[in-house]
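Hi everyone, thanks for coming along. Please have a look at the sequence and the structure on the screen, and I'll walk you through what we can read from them.

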Amino acid sequence: MFRLSKEDKDGVIVVTLDGQISGNCTGLVEDTCGRAVSQGKSVRLCLRDVTAVDETGWRMLLRLSELGVQIRAAGVYISYKVTELQKNGAKRPGPRVNRR
């Protein structure tokens, strides 16, 4: 289960995700962020209360990062994994993450 919200904050589109990032939600998240990027807007993806990220979710985050979407994460472990993803890019496959 996941929740997605979107708002415009001073010209920056802020997309906030809560819950699990998996194949079930990646299409919607990519469409939402991609549409804003294609309109020339800055996009910030906030992973606020993310409890799990599967392989499909990590690949989506990598693609969005490569598109120029700023990804911010709450929580020590998810923040660390997002930083690693952005640093290493496609060199390393995304890790499986389950936080309880």
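Predicted model: local features only at pLDDT ≥ 70, side-chain atom pairs only at ≥ 80, totals over all residues.

Residues are numbered from 1 along each chain as its sequence is written, and side-chain values use heavy atoms, with hydrogens and water left out.

What is the protein built from? There are three helices and five strands; these are DSSP runs (H or I, at least four residues, for helices; E, at least two, for strands), numbered from the N terminus. Along the sequence the order is β-β-α-β-α-β-α-β.

Let's start with the loop between S1 and S2, where we find Asp10. Its phi is near 55°, a positive value in a residue other than glycine. At 83% relative accessibility, Asp10 counts as exposed.

Thr16 lies in S2 and counts as buried, at 9% relative accessibility. Thr16 touches Arg3, Leu4, Ser5, Cys46 and Arg48, leaving aside residues up to four places away in sequence; a contact here means heavy atoms within 4.5 Å. Ile21 is also found in S2, and is buried with a relative accessible area of 2%.

On to helix H1, residues 23–38. At 1.5 Å a residue, its 16 residues should span 22 Å, and the end C-alpha atoms are 23 Å apart, which agrees; the expected span is 1.5 Å times one less than the number of residues. Which residues of H1 are buried? They are Cys25, Thr26, Val29, Thr32, Cys33 and Ala36. They cover an arc of only 145° around the axis, which puts them on the same side of H1; that arc is taken from the directions from the helix axis to the C-beta atoms. Here's the general idea: an α-helix has 3.6 residues a turn, so residues three or four places apart point the same way. The buried residues of H1 pack against strands S1 (2–9), S2 (12–21) and S3 (42–53) and helix H2 (55–67). Just after H1, Gly40 takes a positive phi of about 80°.

Finally, helix H3. Its buried residues are Ile78, Lys81, Val82, Glu84 and Leu85. These cover an arc of only 160° around the axis, which puts them on the same side of H3. On the other side of H3, Val76 and Lys87 are exposed. Just after H3 comes Gly89, with a positive phi of about 55°.

Conventions. Buried < 20%, exposed > 50% of the residue type's maximum accessible area, 1.4 Å probe, protein only.
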